[in-house]
Amino acid sequence: MFRPNSLIKSLKHQESYLEGEFSLLCWNVAKLTLKSHYKEFLNTLIERYKLDVLLLQEVKKSLSHELELHDYSYVLSPNIQTQKHVFGVLSAFKSSCHGELSLLTKKRELRCATHKTTLLTHHKISGNATLLIVNLHAINFVHNSDFKNELREIYEAIKTHSGAMIVAGDFNTWNLKRVQYLGEFIDDLGLKKVEFESEKSIKKVFSNSLDYIFYRGLKVTFATVVDSKKISDHNPIIARFSTP
C-alpha cells in the first residue's frame with residue numbers, strides 16, 4: 001500500500017448552484033463501489049430520493065477506469081492507494097465546486113497503519129453564499145486523545161467559514177469518550193444534528209451511533225435511514241435541506 005498523492009476529481013457543473021431544496025445521502029459503502037448490487041441499489045436511492053449530493057466513505061476506485069456516477073461531479077480524497085485501486089471518501093454533487101481540500105490524519109491506525117481522510121468542498125447556494133461540506137471518515141484504533149486531536153485539526157481547518165455548513169460521515173464514535181469529544185466539536189462549530197424518526201437502523205457499536213449528519217445555516221425538511229439490505233454493514237442516512 002502507498003500513501004496517495006493527490007485528489008481525484010471530475011467537475012462538470014461549474015455553472016450550477018444548490019438552490020431551494022437539495023437532498024443529501026451519507027453512506028459508508030464498505031469498499032463495494034465496484035460491485036453490481038451496490039450500483040443497482042445506489043441507482044434506486046438516487047431515483048427515489050432525487051439525490052443532489054452523495055457523501056460516501058470507504059469508496060474503492062480503479063486507477064484505470066472512471067467511476068460510474070451518472071451525471072454527478074465528484075471529488076475523491078484517497079487515504080489508501082495500491083497498484084490498481086485507490087480508497088477514500090468521495091463527495092459527488094450536481095452543482096459547482098469552488099475549492100476542495102483533503103486532510104489526512106496525522107496519526108495512522110494501529111491495525112493497518114493507514115491514515116484516514118476528511119474532504120472539504122465549497123458550493124454556491126442561493127444569494128451567492130457558500131456552503132461548506134465536510135465529508136469525513138474518522139480515525140479508529142487509536143487512543144481517545146488522538147481521536148480528539150484529529151477532530152481539532154478539522155476544526156482548525158474550517159472554523160473561519162462563517163456561512164452554511166454540513167459535516168457528515170462515519171465518525172467511529174463507538175465509546176462514550178469519543179461521543180463526548182464529538183459533542184464538543186459540533187458545539188464549537190454551532191452545528192445541529194439531523195434527527196431521525198427512528199435511529200435503530202443506524203450503524204452502532206456498543207449502542208453508540210457511528211454515522212451522523214450535522215448542519216448549520218440550513219433547514220431540514222426531511223430525514224430518513226434506509227435499510228441497505230446488508231449491502232454494506234452501514235445503512236445510508238438521507239436528509240433534505242432548504243437554503244436560506
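Two strands pair if DSSP finds at least two bridges between them; helices (H or I, at least four residues) and strands (E, at least two) are DSSP runs, numbered from the N terminus.

The views below show a predicted model, in which local features need pLDDT of at least 70, side-chain atom pairs count only at pLDDT 80 or more, and totals for chains, interfaces and linings use all residues. Residues are numbered from 1 along each chain as its sequence is written, and side-chain values use heavy atoms, with hydrogens and water left out.

**View A. Strand β3 and its two partners.** On one pairing, eight bridges join β3 to β5 (residues 85–93), and these strands run antiparallel. Leu-54 stands opposite Ala-92 of β5. Five bridges join β3 to β2 (residues 21–28), a parallel pair, with Cys-26 opposite Leu-55 of β3.

**View B. The largest pocket.** About 270 Å³ of space lies here, the volume being the space filled by probe spheres set on grid points joined across faces, edges and corners. A pocket is an open set of points on a 1 Å grid over the protein atoms alone, where a 1.4 Å probe fits, with protein on both sides within 12 Å along at least five of seven lines; lining residues have an atom within 4 Å of a point. Of the 17 lining residues, Thr-33, Lys-39, Leu-67, Glu-68 and Leu-69 are the closest to the centre. The elements giving two or more residues to the lining are α1 (36–49) and β3 (53–62).

**View C. The largest nonpolar core.** A nonpolar core is a set of buried Ala, Val, Leu, Ile, Met, Phe, Trp, Tyr and Cys residues joined through side-chain atoms within 4.5 Å. The largest has 27 residues, and Phe-22, Val-53 and Ile-166 are among those with the most contacts inside it. Strands that each supply at least two residues include β2, β3, β5 and β8 (129–137). A second, separate core of 25 residues includes Phe-41, Leu-51, Tyr-72 and Leu-90.

View D. Leu-7 lies in the segment before β1 (8–10). With a relative accessible area of 26%, Leu-7 is partly exposed, the class between buried and exposed (over 50%). Not counting residues up to four places away in sequence, Leu-7 touches (heavy atoms within 4.5 Å) residues including Val-75, Pro-78, Glu-100 and Leu-119. The C-alpha atoms of Leu-7 and Gly-88 are separated by 9.9 Å, the two residues being 81 apart along the chain.

Technical notes
Buried means under 20% relative accessible area, exposed over 50%, partly exposed in between (1.4 Å probe, protein chains only).
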